[in-house]
Each structure stands twice: as structure tokens, then as C-alpha cells.
Amino acid sequence: MATTKNFLPEQYRQSNKLGINHNYLNEQFSDHEVIWTKMREVVIRGDFTLGSEVDILEKEYAQISGTSHAIGVGSGTDAIFLSLKALGVGEGDEVITTAFTFYATIGAIVTAGAKPVFCDIREDYNIDPSEIEAKITPATKVILPVHWSGKPCDMDAIVEVAQKYNLAIVGDACHAIGASYKSRTAGSLGTLACFSFHPLKNLNVWGDGGIITTNSDELADKLRLMRNHGLVGRDECHTFAYNSRLDTIQAVVARHLLGKINHITESRVAHADYFDKELRSVSQIIIPKRDADIYQVYHIYSICCQRRNELQNYLIENGVDAKVHYPIPMHLQPAANYLGHEKGDFPIAETIADSTISLPVHEFISREQQDHVIKLIKDFYD
Amino acid sequence: MTKITIPFVDMTSQFRNLEDELTKAFIDTGRSGVYIMGEQLESFEIKAAQYCGVKHAIGVGHGSDALFLILKALDIGPGDEVITATNSFIASAWVVAATGATPVLVDVAEDFNIEPTLIEAAITAQTRAIIPVHLTGRPARMDEINLLAQRNGLHVVEDAAQAIGARYHGRQVGSLGLAAGFSLHPLKNLGVYGDGGLITTNDDKLASKLRILRNHGLRNRDECEVWGFNSRLDTMQAAFAEIKLGYLDIWNERCREIAAKYRTSLADVVQVPFDQEWEECVYHNFVIRTEKRDELMTYLLEHGVDTRIHYPIPIHLQEAAKDLGYKAGSFPKAEKYAKTMISLPIYPDLSDDQVTYITHVVNSFFDELGKK
């Protein structure tokens with residue numbers, strides 16, 4: 001008999017016990033009839049692989065990103081992997097990134113054949129640009145800042161060092177759809193930017209999906225070739241490549257939600273602002289720094305707190321889906337053993353990993369639910 | 001003969017026939033709020049494993065990733081070589097290159113599958129695995145391949161992208177090597193509505209490794225055991241696949257029936273594929289051969305019949321393969337077939353009348369040719 005136990009990361013699960021969830025897909029699915037009607041058309045046309053809905057989404061996405069190109073791919077992870085490959089990253093190369101991110105950032109670097117080189121973060125959870133220069137070696141090919149939780153990194157400082165050493169910037173913008181830095185969109189902040197349409201992202205699809213933005217015609221052409229078996233036309237293969245395409249039926253979902261992205265983003269920002277305002281007075285909580293010239297979109301709303309694990313348990317017991325994104329930084333993961341890091345190498349990342357907690361701020365959360373969460377937190381510390 | 005238009009593929013009829021079931025699956029999965037992994041994927045995986053007669057089936061992003069992940073799980077990488085057939089879809093070779101290893105190509109036999117007697121000469125000290133491709137839905141000659149692999153300490157990874165349901169000595173493809181990669185691409189015999197793939201294996205350790213590798217290398221939500229990949233069969237697609245798996249044998253049987261009709265009516269004028277007594281091909285494609293290939297294709301199209309060539313350029317002659325050191329003449333059979341093959345329409349919803357029409361068109365082409 002097959003033993004097919006899947007490991008299901010907790011964040012995908014919706015718990016019936018919890019009243020206030022991170023997962024809002026049930027609410028979102030109430031719109032399914034209009035989406036199914038359009039998916040059905042795709043199926044009946046047989047327009048499955050890189051179909052017209054993908055083309056249209058790419059144009060729309062490039063437009064909102066203010067870039068010349070958007071290229072739909074299989075996932076946010078693949079977006080990063082393909083971007084690195086398009087830049088020629090391979091065996092022996094180094095990619096500088098943050099120690100505080102999701103595994104996929106590092107998985108993509110390692111899959112590309114390169115070595116991840118970590119920097120510590122600042123109190124806003126994003127890479128500390130002042131650490132980058134010291135990590136640059138002749139093998140460095142790319143700087144890969146992660147716009148964690150939907151807050152763009154300090155890009156002026158990163159661009160300065162990238163230009164000084166002639167390095168490409170691949171932005172991990174998987175959390176950052178709709179975000180901007182000094183009025184520039186997250187998609188336009190580097191050589192290439194990588195987005196995820198994972199089901200729980202601000203702009204999501206109902207499966208895996210991703211998209212890459214760039215202003216480089218050359219890289220865009222290369223990526224379009226690389227995501228589709230290296231094929232030019234049906235029969236000619238110009239380069240051994242990969243297969244990583246955004247499904248056409250998922251592009252239907254993305255386009256539908258793209259029409260609502262301003263509402264989704266503004267709700268999240270409003271919910272985050274409210275938590276900020278109400279929780280700032282709690283002395284056991286530190287609200288990360290907010291910047292006036294950065295528009296952050298709160299894919300994750302994280303704050304630092306004392307007695308984190310106890311608070312998380314208390315919230316869960318009281319029906320609030322409090323999460324930790326994430327308790328172990330990349331350099332301390334078992335997968336990173338070979339890189340030879342130890343505890344203490346990136347103290348801010350480690351401190352934040354020990355004290356961060358995430359609260360739901362998606363567009364379906366109500367003011368009453370937020371007040372309930374706030375009251376629980378205050379009760380806990382009282 | 002009244003002209004009838006016959007497309008090369010028809011996915012609409014199948015959808016319309018199953019629409020109620022598929023819509024229900026869409027809504028059920030949608031309401032579950034779980035779109036990645038989860039119980040629906042597990043349910044399909046269990047049924048797919050049972051169907052293929054193996055212990056494990058693992059849903060992944062697509063057929064290419066199925067092979068790529070198997071090779072990665074076997075720690076195949078730079079400096080290694082992997083042997084495969086030159087007459088295949090390009091992915092059979094790029095999955096090897098993507099690991100950093102070198103694809104080593106071998107010519108094919110009359111059944112379009114790798115010629116086992118030519119494999120030995122391609123084996124070097126660097127060879128780690130053989131990927132026989134069950135092209136067109138016909139199992140490769142696995143006994144000979146497995147024996148060679150055993151003697152040389154090589155892994156056998158089946159490229160079963162086109163062959164789900166095919167049998168070899170009564171056993172399902174997917175159970176004939178160490179592991180197998182299937183494609184669930186919409187055009188496949190078992191196709192979903194986007195990219196999808198499946199790995200099968202009887203090896204417990206390999207299966208556990210693959211389950212971790214496809215999902216970011218995660219041991220649990222917070223710990224990453226090995227830097228992995230992201231390649232998962234979307235849960236919604238798994239729901240569609242599970243429904244269609246229930247019909248697969250009926251569909252495959254219909255394709256075999258169509259193949260038999262083609263074979264009977266066309267054997268006098270073109271080379272037709274036929275089953276050996278030990279095999280059951282599922283005819284993902286029905287590929288005929290003729291010296292008048294281009295003329296016949298044009299004639300068929302003029303009479304409303306859309307056809308394809310699988311594949312007009314063998315892998316070793318692709319631009320992508322230029323560094324592998326092959327040239328025109330390296331693999332004479334594959335090169336000859338590339339110039340003489342045509343794939344005729346074949347799918348469960350193709351009617352007997354349509355099949356008869358196609359055979360009439362082919363026969364009348366050769367009649368007219370004879371009169372010239």
C-alpha cells in the first residue's frame with residue numbers, strides 16, 4: 001500500500017477552530033462563478049499552455065509595474081531561479097542575500113548552482129545594505145534583496161553598491177505586489193523582480209504561479225525562451241532550458257484579482273495601520289520602523305514581542321491564527337550546515353526570529369475582529 | 001468524398017462529457033481553501049500509485065520536473081552522464097542538462113524507442129542512469145535495458161510522459177524501473193488543465209526524498225533539511241486528474257481500437273506501428289512512415305485533416321545540442337524517421353467515421369500517386 005503522507009505546511013491549512021484566520025481563500029472563492037465561466041472558456045478553446053489570458057495578464061502586470069516586460073512563470077521560486085539563470089549565474093558563483101527570508105529564496109540560488117552569501121537585517125526585517133560591500137568577492141554575480149513582508153528594501157543604498165561593483169540586482173518581490181519605494185514599484189527596483197502568485201499572496205492564483213518583471217528586452221527574450229523548453233516555435237530548441245509556465249486557467253484568476261488589487265492592498269494597509277496605532281502603546285511590543293517614502297503592502301503583518309511563544313499559544317487558544325514567519329533564519333537551517341555558519345553570525349535576524357509574530361490583516365478581516373485581537377494581546381500582557 | 005475538418009486534438013468533447021463532475025471537483029477543492037498539497041492531492045496520489053502498481057506516486061509541477069527531480073534525488077549532477085533516446089521531446093535531454101550532467105544520446109529502433117543494443121557503446125565511467133522514453137505510449141524494451149543497467153550499476157528512470165496506462169509483459173509503465181516520470185499536460189492521455197506531472201517509484205527512500213525536494217526541501221513548516229525546489233501538482237489539477245483517471249482505461253482502449261483500424265486500412269500504403277505480443281501501447285500518437293511524407297501531410301491538410309510530426313528534428317541536431325558533439329549522420333535511424341514520420345489524429349472522441357475518412361484520404365493520396 002502506498003504511504004503517501006504529504007507534508008502540509010501549516011500556513012496552507014484553514015483551521016475550523018479558529019475564528020480569525022490567515023487563510024481567506026474560502027471568502028475569496030465566493031466569487032468563483034465568474035472565474036469558472038472564464039476558465040471554462042480557456043478549456044473549451046484548448047488554450048492551455050501560455051494562452052491568451054497569460055499574454056493579457058503579462059501586459060497588464062507590466063503596466064502596473066511600470067516595466068517593459070512581465071513574464072508569467074510556474075512559481076515565485078521559479079521566478080527567482082530563472083532570473084538567476086538568465087543572468088548566467090551557475091556553479092562557482094555567489095549571490096548575496098538576506099539571512100531572514102523564506103526557504104525558496106535560498107533554494108532558487110542553490111538550484112542555480114550558486115552559493116548563498118548572507119547579510120544580517122535591520123529592525124525592519126530587511127537586508128542591511130551596509131553589510132553588502134564586505135561580502136562581495138570576485139565570485140559575486142548578483143545582489144538579491146528580499147522585500148520582506150511587502151516592504152521594499154533600502155534600494156538607493158543597494159543600487160549604489162551594485163553599481164560600484166557592476167552587479168545585477170534580482171529583487172525577491174514575492175511578498176511585494178503593489179508595494180513601492182520612493183514612488184517606484186517593487187517590480188521596477190532592480191535588473192529583474194520576482195513575484196509569487198501563491199494562493200495566500202496579496203495577488204494570488206488557485207495553485208502555484210509567479211511572474212518576473214524587467215525593463216531589459218534581452219533578459220525578457222531569454223526568459224521567455226527559458227520558461228518554455230528553450231523552444232523557438234514548435235520544433236526548434238535553441239538552448240537546453242526549463243519548463244516553468246503560469247497556467248492559463250490560473251492567469252484567469254490572477255486577472256480577476258488584479259482588478260481588485262487596490263482594494264486588497266488598501267485594506268491590508270488600513271488593517272496594519274490600525275494594529276500599529278493600537279499596539280504601539282503596549283510596552284512589550286515593538287512595531288518595526290515604518291518609512292514615509294516606502295509604501296509597504298503587508299503580505300505579512302509582523303511585530304516583535306516579548307514572550308512570543310506564550311503569546312502565540314494564547315492567541316491560538318482564543319481563536320486567532322497567529323503565526324511565526326519564520327522562527328529559524330536561513331543560516332541556522334539544517335540545509336545550511338555546509339556553509340559553516342553558527343548562532344550569533346547574524347544577531348538581528350536571530351533576535352527577530354525569536355520575537356516576531358504575525359497577525360492576520362487580509363481584506364476580509366473586520367474591525368471587530370481586529371479589536372478582539374488587540375484586546376487579547378493587551379489582556380495577555382496584563 | 002465530402003471534405004470533413006478533423007483537428008489534430010480535441011479536448012473540448014472530453015470536457016463537455018465530464019463537465020458536471022469537473023465543475024463539482026472545482027467547487028469542492030475551491031471551498032476547501034487548500035490549493036497547494038493537502039488531502040485532495042494525497043487522494044489522487046494513492047489512486048495513481050494503485051493504478052500503476054507501485055508503492056508511491058508523487059504529484060509534481062510537470063513531466064519535465066518529474067524527471068529532473070528524480071535525477072536530483074539520485075544526486076546526479078556535474079560530471080555525470082545520462083543516456084537517453086535522440087528521438088524524443090527535447091525535455092528528455094534538457095532535464096539532464098539542468099542537473100549539470102551531460103545528456104548522452106542513442107539512436108532508436110523501428111518502434112521509435114531507444115535501441116537497447118546501442119546503449120552499451122554509449123556507457124562510460126561517468127554514466128549514472130539510463131532514461132528510456134516510452135515514446136508515443138509504447139513501452140521501451142525494458143528487459144534488455146534493465147539487464148544492461150544492472151550489469152553496469154546504472155539507474156533506470158522511465159520517461160513515461162506519453163505512456164500512462166501502457167503495459168509491458170502485463171506490467172504498467174511506471175513500475176518498470178527505479179522510478180518514472182509522467183506528464184499530465186493537457187494533451188496527454190491523462191491530461192489536466194494546466195501543467196502537471198507525476199513520479200512513481202517502489203523505493204521508499206527515494207519517495208521520501210522526492211516529497212521533500214518538491215516542497216522547498218522542508219522537513220516541517222520551520223525547518224529546511226535541504227535546499228529544494230518548488231514543484232507541486234496543483235491541488236485543483238489533482239482533483240481533475242483523479243476524475244479522469246477513472247476513465248483512462250476506457251480512453252486508452254478506444255485509442256487502441258482506433259490504432260487497429262488505422263493499421264488494418266493503411267498497412268498496404270505506409271509503415272504502421274504495431275504491438276509486439278508482450279506490449280500494450282496506449283497510442284498517445286499514431287505515427288506512420290512514408291517517403292512521401294511532406295506531400296501526404298499537405299494532401300491531408302487540403303482534405304481537412306490536421307497532422308503533426310513528432311519530432312521533425314532529432315535532439316542531437318537541435319541548436320541546443322551543438323556542444324554535445326553530434327552531427328548529421330550520428331543517428332541514421334532517428335534522422336531517417338524524422339523525415340518520414342507523420343502523426344495522425346488519435347483521441348478517444350475521434351469517431352469511427354472520422355477514422356474511416358482519414359484512412360480514405362491517405363489511401364486516395366496513394367491511389368492518385370499511382371496514377372501519375
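**View 1. The contact between chain A and chain B in the predicted model.** In this predicted model, the contact draws 60 residues from chain A and 65 residues from chain B, where two residues are in contact if their C-beta atoms, placed from the backbone, lie within 7 Å. On the side of chain A that touches chain B, at least two residues each are supplied by α1 (25-28), α2 (32-45), α4 (76-86), α5 (103-111), β11 (236-237) and α9 (248-258) of chain A; helices (H or I, at least four residues) and strands (E, at least two) are DSSP runs, numbered from the N terminus. The largest share of this side, six residues, comes from α5(A). By residue type, the side of chain A that touches chain B divides into 28 nonpolar, 23 polar and nine charged residues, with Ala, Val, Leu, Ile, Met, Phe, Trp, Tyr, Cys and Pro counted as nonpolar, Asp, Glu, Lys and Arg as charged, and the others, Gly among them, as polar.

Residues are numbered from 1 along each chain as its sequence is written, while chains are lettered from A and ligands numbered from 1 in the order in which they are written. Because the model is predicted, local features need pLDDT of at least 70 and side-chain atom pairs count only at pLDDT 80 or more, whereas totals for chains, interfaces and linings use all residues.

**View 2. The two domains of chain B.** The domain assignment, which is automatic or taken from a database, gives domain 1 (12-245) and domain 2 (248-371) of chain B. The C-alpha centres of these two domains lie 25 Å apart, and 30 residues of domain 1 are in contact with 27 residues of domain 2. On the domain 1 side, the elements that give two or more residues are α1, β3 (102-106), β6 (167-168) and α7 of chain B, and the residues of this side divide into 14 nonpolar, eleven polar and five charged.

**View 3. Helices α1 and α7 of chain B.** Helix α1 (residues 12-32) and helix α7 (residues 235-245) of chain B pack at an angle of about 150° with their axes 9 Å apart, the axes being lines fitted to C-alpha atoms over the stretch in contact and the angles running from 0 to 180 degrees between N-to-C directions. The crossing of α1(B) and α7(B) is right-handed, a term for the near helix being turned clockwise from the far one by less than a right angle. From α1(B), Leu18(B), Glu21(B), Leu22(B), Ala25(B), Phe26(B) and Thr29(B) meet Thr235(B), Met236(B), Ala239(B), Phe240(B) and Ile243(B) of α7(B). The residues of this contact divide into eight nonpolar, two polar and one charged.

View 4. All five residues of β1 (residues 56-60) of chain B are buried, that is, 20 or more other C-beta atoms lie within 10 Å of their own. From β1(B), His56(B), Ile58(B) and Val60(B) point one way, and Ala57(B) and Gly59(B) the other way. His56(B) counts as buried because 24 other C-beta atoms lie within 10 Å. Strand β1(B) pairs with β9 (residues 197-201) of chain B in the antiparallel sense over five bridges, pairing being assigned if DSSP finds at least two bridges. In β9(B), Ile199(B) is the bridge partner of Ile58(B), and the C-alpha atoms of His56(B) and Ile199(B), 143 residues apart along the chain, are separated by 8.0 Å.

Definitions and conventions
Buried ≥ 20, exposed ≤ 12 C-beta atoms within 10 Å, placed from the backbone.
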